[in-house]
Amino acid sequence: MPEITLVEAIRQAMDEEMARDERVFIVGEDVGKRGGVFRATVGLFEKYGEERVIDSPLAELSIVGVGIGAALYGMRPICEIQFADFIYPAFNQIVSEAAKMCYRSNGEWTVPMVIRAPYGGGIGGGLYHSQSVEAFFAHVPGLKVVIPSNPYDAKGLLKSAVRDPNPVIFLEPKKGYRLIRGEVPDGEEILVSIGPARVSRQGSDLSLFAYGMMHYYALQAAQKAAEEGIDVEVVDLRTLYPVDRQAILASVRKTGKALIVHEDNLTGGYGAEIAATIAEAAFSDLDAPVRRLCGPDVPAVPFSHPMQEWFMPNPQKILQAIRELAAF
């Protein structure tokens, strides 16, 4: 099988869905002739034209508003927010309109749209180009929140998101766009269901829960831990809402210990939801307190690379957290 990057898998998914369904279109800043700032849409403007790959003004509110209106009229929009940090002007549209439309219409209207956004640190982007926003949206019933960690899942989950009748927030770890590579079958239909988590590494000593870039780092840390005799089970959550509680609990009941890793701030971060799930339903199975390894409670990822390294979890920090939990 050919090995491709994360961003190539995302581009393939959009290309295949646009070829399959003429209702699918892309709208966002610089997605047309430029092919996007991360080159995720390169070549699609030339292939499908300006009516289906639409360069928008620098106005996230209008990007999402156009998407909602088009979705209500039967289209399948893919809205690109250039950086997740700039999604906040569209927050009301997403949370109060897209997420609530099916409920307020008693199922008569649906909003089948995808909102793609690169998120997270690791590229030296500083304050306005490094934020993690997943916890905001995972709190909202009516939205689905998806974060892939490898090319195969990125392609399969994005194709499923385009076909889903509900609005999907599809967050892409920008640090991994070209760093993360993986095998993806060529010429084969790939669909990955939204919802189920995946045990990416079997283990018996403790369970490590992560998603996106942190899952990529978690696998590296687990391999190093294995060389020290610590057998780590790694669970890739993939979908944050709805979350696969059964997979989480099954893993914890197997190992008796849980480590949750994400790069967003600790307080109010998504890891707290996983910790609460374990505490409520698997407390008696635990051999140690649930531990979280997250970004510190500072306003944003610093611009300088040394300070960025201080902020973000990495394989070395994850390995140390594994050692400490295994020794408890």
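# Pockets, a cavity and some backbone details

The second largest pocket has a volume of about 190 Å³, and the model in which it was found is a predicted one.

Q: OK, which residues sit nearest the centre of that second largest pocket?
A: Ala138, His139, Tyr241, Tyr270 and Glu273 lie nearest the centre of the second largest pocket, whose lining is made up of 13 residues.

Q: And which elements supply at least two residues of its lining?
A: Those elements are α6, β12 (239-241) and α10 (271-281), each of which supplies at least two residues of the lining of the second largest pocket. In terms of domains, at least three of the lining residues come from domain 1 (3-183) and at least three from domain 2 (198-327).

Q: How do the residues of that lining divide into nonpolar, polar and charged?
A: Eight residues in the lining of the second largest pocket are nonpolar, three are polar and two are charged.

Q: Tyr241 came up there; what is the peptide bond from tyrosine 241 to proline 242 like, cis or trans?
A: The bond from tyrosine 241 to proline 242 is cis, with an omega near 0°, and proline 242 itself belongs to the loop that runs between β12 and α9 (245-255).

Q: Switching to the largest pocket, how much space lies in it?
A: The largest pocket holds about 250 Å³ of space. Its lining has 18 residues, and the ones closest to the centre are Ser132, Phe136, Asp264, Asn265 and Pro299.

Q: Why does the largest pocket lie between the two domains?
A: Domain 1 (3-183) and domain 2 (198-327) both contribute residues to the lining of the largest pocket, and it therefore lies between them.

Q: What does that lining have by class?
A: By class, the lining of the largest pocket has eight nonpolar residues, seven polar ones and three charged ones.

Q: How many cavities of 30 Å³ or more are there?
A: The count comes to one cavity of 30 Å³ or more, and the volume of the largest cavity is about 50 Å³.

Q: Which residues line it?
A: The largest cavity is lined by Gly36, Val37, Phe38, Arg39, Ala40, Glu80, Gln82, Arg116, Pro118 and Tyr177, and by class these are five nonpolar, two polar and three charged residues.

Q: What about arginine 238, is it buried or exposed?
A: Arginine 238 has a relative accessible area of 9%, under the 20% limit, so it is buried. Its phi is near 65°, again a positive value in a residue other than glycine, and arginine 238 lies in the loop between β11 (232-236) and β12.

Q: Moving on to a helix, how far does α8 reach from its first C-alpha to its last?
A: Helix α8 (residues 213-227) reaches 22 Å over its 15 residues, which is close to the 21 Å expected at 1.5 Å a residue.

Q: Which residues in α8 are buried?
A: The buried residues in α8 are Met213, Met214, His215, Tyr217, Ala218, Ala221, Ala222 and Ala225. After α8 comes glycine 229, where phi is positive, near 85°.

Q: And valine 301, where is its place?
A: Valine 301 is in the loop between β14 (291-295) and α11 (305-311), and with a relative accessible area of 6% it is buried. Valine 301 is 98 residues from glycine 203 in sequence, and the two are 32 Å apart in space, C-alpha to C-alpha.

Key. Residues numbered from 1 in each chain as written. Predicted model: local features only at pLDDT ≥ 70, side-chain atom pairs only at ≥ 80, totals over all residues. Heavy atoms only, no water. 1 Å grid on protein atoms, 1.4 Å probe; cavity = no way out; pocket = protein on both sides within 12 Å on 5 of 7 lines; lining within 4 Å. Points joined across faces, edges and corners; volume = space filled by probe spheres on them. Nonpolar A, V, L, I, M, F, W, Y, C, P; charged D, E, K, R; others polar. Domains from an automatic or database assignment. Helix = DSSP H or I, 4+ residues; strand = E, 2+ residues; numbered from the N terminus. Expected span 1.5 Å × (residues − 1). Buried < 20%, exposed > 50% of the residue type's maximum accessible area, 1.4 Å probe, protein only.
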